[in-house]
Amino acid sequence: MNHIIVVDLGYGDAGKGAVVDWLCSPFGNAPVHTVVRFNGGAQAAHNVLTPDGRHHAFAQFGSGSFTPGVRTHLSRFVVVDPLALAAEAWHLASVGIHDALDRLTVDRDALLATPYHQAANRARELARGQNRHGSCGMGIGETASYALCHPADAPRAGDCATPRTLTRKLATLAERLADELGPLDTPPLADLCDAYRVFAAKVPLVDPDYLSRVLHAGPAVFEGAQGVLLDEWRGFHPYTTWSTTTFANAETLLAEAGATATRLGVIRCYMTRHGPGPFVTEDPTLELPEQHNGRNRWQGPFRVGHFDALAIRYAAEVTGGVDEVALTHQDVAARHELRLCQAYQLDGQRVERLEPGPARDLQHQEQLTRRLLRARPVYDAPGVDWQAVVEQTTGAPITLASHGPTALDKFLSQHHPARDHVTHMRGTPR
Amino acid sequence: MGSGRWSTDVYTAAARFRAATGASAFAYSDGGARRVHPALDPHGVDIRESRDSAEHPQSLAIAVLFDVTGSMGSVPRTLQAKLPQLLGLLLRKGYAKDPQILFGGIGDATCDRAPLQIGQFESDNRMDDDLSRILLEGGGGGQKTESYELAMYFMTRHTSIDCHEKRGRRGYLFLIGDEMAYPRIKRAEARRLIGDKLEADIRLEHITAALKQKWDAYYILPEGAYYQGDTEVLDFWHARFGQNVIELADLDAVCETIALIIGLGEDAISLDDGLADLADVGSVAGPVVSKALATIGAGRGELIISPAPADLDGPSGNIRL
């Protein structure tokens with residue numbers, strides 16, 4: 001079975017949504033059975049634009065949803081927010097997808113992000129003031145950290161079907177957070193429980209072996225959220241997320257089912273980042289079109305900069321290598337003078353590679369962050385062979401190129417073994 | 001990465017899951033509600049606002065108010081089910097950049113539980129929540145008259161819309177129904193239902209004149225409604241709204257009709273463009289809309305642009321080309 005894992009090798013926003021949409025479309029890996037989410041939660045905003053002009057920012061539903069019949073599974077590694085699911089399904093209906101909830105399954109063990117977590121998260125971010133971490137305000141990190149401290153008490157998706165357990169866990173959660181942070185602005189417990197109960201009545205909450213059956217029933221696309229450079233262990237601490245953003249969770253789920261997958265790394269022709277943290281090649285003078293990313297109250301500004309081969313190579317290495325690369329936003333690269341950084345000037349020395357440190361060593365990651373904040377980019381002279389550099393940087397062939405927002409703007413590159421097979425189906429390269 | 005744009009409150013989420021499980025989309029009405037939902041109660045409302053914002057700099061106010069009484073038969077239900085598509089249709093085809101839509105219900109102030117229900121202007125799907133909260137009247141009808149005059153009074157005196165105040169562009173108001181208005185806004189009703197203390201009754205003519213200063217107002221009369229074929233109602237609205245009276249053969253086409261009227265009014269499209277757009281999005285409403293809009297589509301004389309107040313910095317009341 002030809003499964004694919006899609007992971008962003010940057011800070012997020014590389015175009016995973018559009019890539020997953022393409023993979024699920026008739027041009028891609030069809031017929032895809034299910035898009036599996038394996039990290040993050042409702043904070044995702046994977047933008048998909050259809051050729052007929054419909055747009056949706058996919059948060060919890062898989063970005064393959066515009067293709068009829070493609071299902072979404074939220075694995076146990078996802079932090080599930082049922083309230084946001086309701087809102088997202090509602091919007092999907094307005095862009096013509098009326099059966100989103102009917103195509104959704106949720107692993108019982110997935111953690112629940114609740115209004116209590118969100119209120120606590122926002123209270124903490126506000127207290128940090130200028131030193132905020134760039135959290136999205138959706139309570140994902142709060143949910144994860146509470147579950148680490150109180151694994152047995154953490155509300156999980158499966159609890160929605162057992163009102164007594166759910167009420168007890170939510171009450172305990174509310175009490176602990178209020179003790180720590182003072183009164184939080186949250187809805188009444190009974191009303192929240194009611195909403196979760198009707199969620200459980202609508203959406204199948206499944207056991208872990210469900211995914212194994214799916215993976216033997218048809219091709220799956222594993223859709224990663226955020227980017228490897230934001231990984232909780234491998235990112236530039238403390239400017240990271242509470243989520244494992246590498247291939248690791250997806251590989252775990254595949255291994256449980258005795259399945260394997262192609263590892264597809266998604267890269268933009270330039271770098272982008274929401275919120276604070278190291279960004280060596282940042283260039284505020286770059287004026288690039290950005291249709292769907294703007295300033296967010298909880299994350300701060302949207303930043304852009306030039307292609308950073310050191311950071312991308314670092315991402316590819318810490319995530320254990322990629323099999324193939326999707327290079328997106330090539331239309332932007334064609335119209336703007338983008339540069340290529342293959343070395344830093346750091347403490348008087350020229351640095352050409354960021355050595356991955358030991359696993360799970362946040363002290364090392366913090367030192368790395370401090371070094372990066374001192375580093376200055378050294379840019380190549382114009383006229384470099386982009387594709388060659390990207391392939392050399394990642395050690396993998398570019399198999400999918402994106403020259404625009406919709407599935408019609410993607411095409412397979414020379415290297416792809418399936419190229420001849422699908423050539424007649426793809427849009428014309430511009 | 002992103003902004004968590006799909007966050008919502010527990011009540012809305014619960015209602016949506018219930019609706020998806022097969023429970024009624026008109027949960028409020030069907031849940032046995034006897035009075036206007038607090039969110040839609042016009043009593044004590046100072047103004048309903050449609051404002052520009054960083055995210056929506058070119059706000060365009062659109063209000064859709066429909067008759068919720070028994071005389072309309074299944075029409076209110078069809079509207080409740082159809083109208084959520086309106087926003088998507090406007091945005092998808094670029095007829096309006098930043099539409100802000102308000103939904104409301106109209107009954108009979110002389111006998112109904114819900115003579116006037118008014119939601120909020122919303123730029124996203126939140127307006128659908130208002131729609132699902134609208135209380136539908138069971139009985140009623142028969143007098144050929146509903147309290148449209150109160151709705152027009154409210155929309156004239158109790159709305160503040162940036163498209164008009166800052167850019168001199170009127171908003172769009174659609175009344176959907178099959179009856180006539182009462183000849184005057186009665187003091188007692190304005191007080192009881194809206195909370196306004198009027199010195200005296202106001203004549204309908206005064207309100208329709210004032211209304212048209214702020215709103216490009218249309219009356220949509222569904223064919224198949226109770227008084228079909230009887231021209232008294234039609235004549236009544238023609239006398240007040242001129243060519244802006246639309247007879248609609250198939251109510252399923254209501255969103256497409258409204259969207260095209262706005263597209264035409266904003267000079268975003270010609271009628272032919274609009275009909276082509278409808279075919280594009282897979283709508284089969286084309287012939288119905290084409291027939292309904294034949295008059296306004298052919299000779300759009302009535303594009304009134306009122307001048308913006310002189311003390312405004314923003315662009316004045318130019319017609320966008």
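Reader: Hi! Quick one to start: where is R360(A) found?
Author: R360(A) is found in the loop between β17 (349-351) and α11 (362-374) of chain A. Helices (H or I, at least four residues) and strands (E, at least two) are DSSP runs, numbered from the N terminus. Keep in mind that this is a predicted model, where local features need pLDDT of at least 70, side-chain atom pairs count only at pLDDT 80 or more, and totals for chains, interfaces and linings use all residues. Residues are numbered from 1 along each chain as its sequence is written, chains are lettered from A and ligands numbered from 1 in the order in which they are written, and side-chain values use heavy atoms, with hydrogens and water left out.

Reader: Thanks! What is the phi of R360(A)?
Author: Phi is positive there, about 55°, although R360(A) is not a glycine. Most residues other than glycine have a negative phi.

Reader: And is R360(A) buried or exposed?
Author: Exposed, because its relative accessibility is 60%. The cut-offs are under 20% relative accessible area for buried and over 50% for exposed, with partly exposed in between (1.4 Å probe, protein chains only).

Reader: Which loop holds Q226(A)?
Author: Q226(A) sits in the loop between β10 and α8 of chain A. Phi of Q226(A) is also positive, near 60°. With a relative accessible area of 5%, Q226(A) is buried.

Reader: What joins H237(A) and P238(A)?
Author: A cis peptide bond, with omega at about 0°. P238(A) lies in the loop between β10 (220-223) and α8 (248-256) of chain A. Most peptide bonds are trans.

Reader: Switching topic: how many disulfides are there over all chains?
Author: Zero, taking a disulfide as a pair of cysteine sulfur atoms within 2.5 Å. As for individual cysteines, C24(A) counts as buried at 1% relative accessibility, and C255(B) is buried with a relative accessible area of 1%.

Reader: OK, cavities. How many of 30 Å³ or more does the structure hold?
Author: Six. The largest cavity has a volume of about 80 Å³. A cavity is a set of points, on a 1 Å grid over the protein atoms alone, where a 1.4 Å probe fits but cannot get out; lining residues have an atom within 4 Å of a point. Grid points are joined across faces, edges and corners, and the volume is the space filled by probe spheres set on the points.

Reader: Which residues are closest to the centre of the largest cavity?
Author: Of its 13 lining residues, those are G10(A), A14(A), R268(A), Y270(A) and M271(A). β11 (261-268) and β12 (271-274) of chain A are the elements that give two or more residues to the lining, and β11(A) provides the largest share, three residues.

Reader: Nice. Now the largest nonpolar core: which residues touch the most other members?
Author: Among its 92 residues, they are L83(B), M152(B), M155(B), F174(B), L175(B) and W237(B). Such a core is a set of buried Ala, Val, Leu, Ile, Met, Phe, Trp, Tyr and Cys residues joined through side-chain atoms within 4.5 Å. Helix α11 (residues 254-265) of chain B gives the largest share of this core, eight residues. Another core, of 61 residues, lies apart from it and includes L215(A), A220(A), V228(A) and M271(A).

Reader: Last one: what is the secondary structure of chain B?
Author: Chain B has 14 helices and 12 strands. Of its 321 residues, 55% count as buried.

Notes: On a 1 Å grid over the protein atoms alone, a cavity is a set of points where a 1.4 Å probe fits but cannot get out, and a pocket is an open set with protein on both sides within 12 Å along at least five of seven lines; lining residues have an atom within 4 Å of a point.
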